[in-house]
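Q: I would like to learn how to read features off a model like this one. Please show it to me, then take me through it.

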2 protein chains.
Amino acid sequence: MPPAAATRVSVAELNRFATSAFCRVGLTEADAAAAADVLVTTDAWGVFTHGTKNLRNYVRRLKAGGLRPNGRPFVAAAGPAWAMVDGDAAVGMITSIFAMQTAIAKARESGIAYVGVRNSSHYGAAGFYAWLAAREGLIGLSMANDIPSVAAPGSRGAITGSNPISYAVPAGRHRAILLDMSVATVAGGKVYAARTRGESIPANWLIGADGRPTTDPSGYPQVGALQPAAGHKGYGIALLIEALAGALSGAAVTWQVGNWLWDDGTKPTGHGAAFIAINVPAMMAAGEFTRRIEALVDEIHRAPRADNVDRLYVPGEMEWERHDRAMREGISLPSDVVASLREAAELSGAPLPDFPR
Amino acid sequence: MPPAAATRVSVAELNRFATSAFCRVGLTEADAAAAADVLVTTDAWGVFTHGTKNLRNYVRRLKAGGLRPNGRPFVAAAGPAWAMVDGDAAVGMITSIFAMQTAIAKARESGIAYVGVRNSSHYGAAGFYAWLAAREGLIGLSMANDIPSVAAPGSRGAITGSNPISYAVPAGRHRAILLDMSVATVAGGKVYAARTRGESIPANWLIGADGRPTTDPSGYPQVGALQPAAGHKGYGIALLIEALAGALSGAAVTWQVGNWLWDDGTKPTGHGAAFIAINVPAMMAAGEFTRRIEALVDEIHRAPRADNVDRLYVPGEMEWERHDRAMREGISLPSDVVASLREAAELSGAPLPDFPR
């Protein structure tokens, strides 16, 4: 939902800019294009918090060396249906694409595969990698850990990361079902925005300095922590992600993870991630699974709706509609993203895209 | 939390009774003991809604034939890291143990394995099967679909089942981390209990006849539907479970699933389930994973707490403490469970346990 002052740019033009910025700080052309594709696809979905808005942060860290421009993720250990990937402190998007491709290849052999990742960093939108599997007809799961920002029930401060988790399911004539969520009730950005506007917040978003739910965001993020979504459920899922993306992968866990924005830019952050791919066509007659998912989606679309509700959506459907419009009409960038792109241009030396109004 | 009128019974005695009841309606001694173990372990965890309270319902359906006393789950198709199990309309607990054991064996070969289940029925507590994996040092996941009872954001009625999902992670000197949750904000039983007491409910538990959130439970369950936990997040996870436990397994999905309590008792319900096992020892040096999980649990136990909070728990910790007490002192059965056991005794002809007060 871009504000009125949105600036329109074509997907191709934004891709060219992000690719150029990554190239100018040392990535190969192929790596730069791949990382740019993740960010621009995310913008096209309308998920601007995880798209090219962060380009400046990746560029800054690549220049400082904590992200290695010439880092090459590699398989450190593997078995028939699993692999452990060392990210070599490369850009998280490069490592994550490599890891999910490894999971897809192994799932094609074995039916399902798990790939754990260590020595990675912020990987953008979790959903991109789940979608890599779904667009090839597999079910994909993607998850990552991060520095603690989310409370546990009863805790005074943060216990787990906001730990994104995503899945994508191929859906035949429908676009893939695609859920991308964090384990917190809401993103910290929403709390911060309420603070900026001087507004109070719902009682299930934040805990205050005393560990109790608060409707006052004025101390955030220095004070308090996000509440887990649905209390012990979100907390429980957060710990599953710590187990699969952190502990099992050999990555940094909770307070060992580096803050990719604020910690010493010369040091790797040590983030972990995990990817699972399930090779649907090995398990069901051709087309049978997608027919069943199509029927499920159709059933949801036809289901009775509450008053004043126009449509029922399946996860990802809104994002795909934004994506298709973006491909046709370009992306309407919110002003904070444009400001951030200007910074990325200055930091990298890449010429800003031409923004037709 | 049993009421004052709780009736105490030893784990062994309750096991004998449940085994005897299953035997008398046609299960083999081995199947009866296995199914009883699931239900009694669940009671020992204090999860009385999913334990021997349901014995009468299984017995009734076994007598009617919709659950087949001599049903034998079998592997209908398989690959290196996956299998599809047909439950043969056997008791869901028997089929689910068989399916998770299949997943564990395949994960030992390949690292990870997925097993889809069709032609199953109500399987009790999802967590039992996840725990089967964890007690052998693997990470386990367990999930199942069910008849729709949970809304989607904007829907007027139910869209997905309450779809339980569970995971268990071996934790070395700590008990396994064990989360067992449904995708609804709360169990329908809690809404019904509020109705019985004439109380209003929080606004995020239920939607009413118009599809809008309501604090009035008086029409439930005839009217309205449960709300998904954390809105689109719970709904999104529900659809992942429909995909893995319903669509991919070839099971019945949403409205095709039979109501195991109220539908024609002579017909199979067609429930689906899915199990995933991850063979931790194949992927990490011996003890390394559990040391990392131990450190995570220790960190949580030491973390600062909100005022008046005595302890921070990891998922499953409360249940394990109840379990250990139950093994020592017996299980204190709430009166509704005792009443239900009396019915199971009448239906099956098994002699009721001797209840020392």
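A: Start at the end of a helix: helix 3 of chain A is followed by A:Gly65, with a positive phi near 105°. Helices (H or I, at least four residues) and strands (E, at least two) are DSSP runs, numbered from the N terminus. The model is predicted: local features need pLDDT of at least 70, side-chain atom pairs count only at pLDDT 80 or more, and totals for chains, interfaces and linings use all residues. Residues are numbered from 1 along each chain as its sequence is written, with chains lettered from A and ligands numbered from 1 in the order in which they are written.

Q: Which residues of helix 3 of chain A are buried?
A: A residue is buried if 20 or more other C-beta atoms lie within 10 Å of its own, exposed if 12 or fewer, and partly exposed in between, with C-beta atoms placed from the backbone. In helix 3 (residues 55-64) of chain A, the buried residues are A:Leu55, A:Arg56, A:Tyr58, A:Val59, A:Arg61 and A:Leu62. They pack against helix 1 (11-24), helix 2 (29-44) and helix 11 (335-348) of chain A.

Q: Is A:Thr196 buried or exposed?
A: A:Thr196, in helix 6 (residues 188-197) of chain A, is exposed, because 9 other C-beta atoms lie within 10 Å. Its C-alpha is 9.0 Å from that of A:Pro217, 21 residues away in sequence.

Q: Is B:Ser166 buried or exposed?
A: B:Ser166, in strand 8 of chain B, has 25 other C-beta atoms within 10 Å and is therefore buried. Contact means that two C-beta atoms, placed from the backbone, lie within 7 Å. Not counting residues up to four places away in sequence, B:Ser166 touches B:Ala126, B:Gly127, B:Ala130, B:Ser142, B:Leu179 and B:Asp180.

Q: How do strands 2 and 3 of chain A pair?
A: Two strands pair if DSSP finds at least two bridges between them. Strand 2 (residues 74-79) and strand 3 (residues 82-86) of chain A are antiparallel, with five bridges. One bridge joins A:Ala78 to A:Ala83 in strand 3. The two strands of chain A form a hairpin, with two residues between them.

Q: How many residues are in the largest nonpolar core?
A: In soluble globular proteins, nonpolar side chains tend to be buried together. A nonpolar core is a set of buried Ala, Val, Leu, Ile, Met, Phe, Trp, Tyr and Cys residues joined through C-beta atoms within 7 Å. The largest here has 254 residues, and B:Ile112 and B:Ala277 have the most contacts inside it.

Q: How are the two copies related?
A: Two copies of a chain are related by a rotation about an axis and a shift along it. Copies are superposed by least squares on the C-alpha atoms of residues with pLDDT of at least 70 in both. A rotation of 180° with 0.0 Å of shift along its axis brings chain B onto chain A (RMSD 0.0 Å). The copies are thus related as by a two-fold rotation axis. In chain B, the C-alpha nearest the axis belongs to B:Ala230, at 2.7 Å.

Q: Which part of chain B gives the most to the side that touches chain A?
A: The contact involves 60 residues of chain B and 60 residues of chain A. Helix 7 of chain B gives the most to that side, with nine residues. Of the interface residues of chain B, 100% are also interface residues in chain A, so the copies meet through the same surface.
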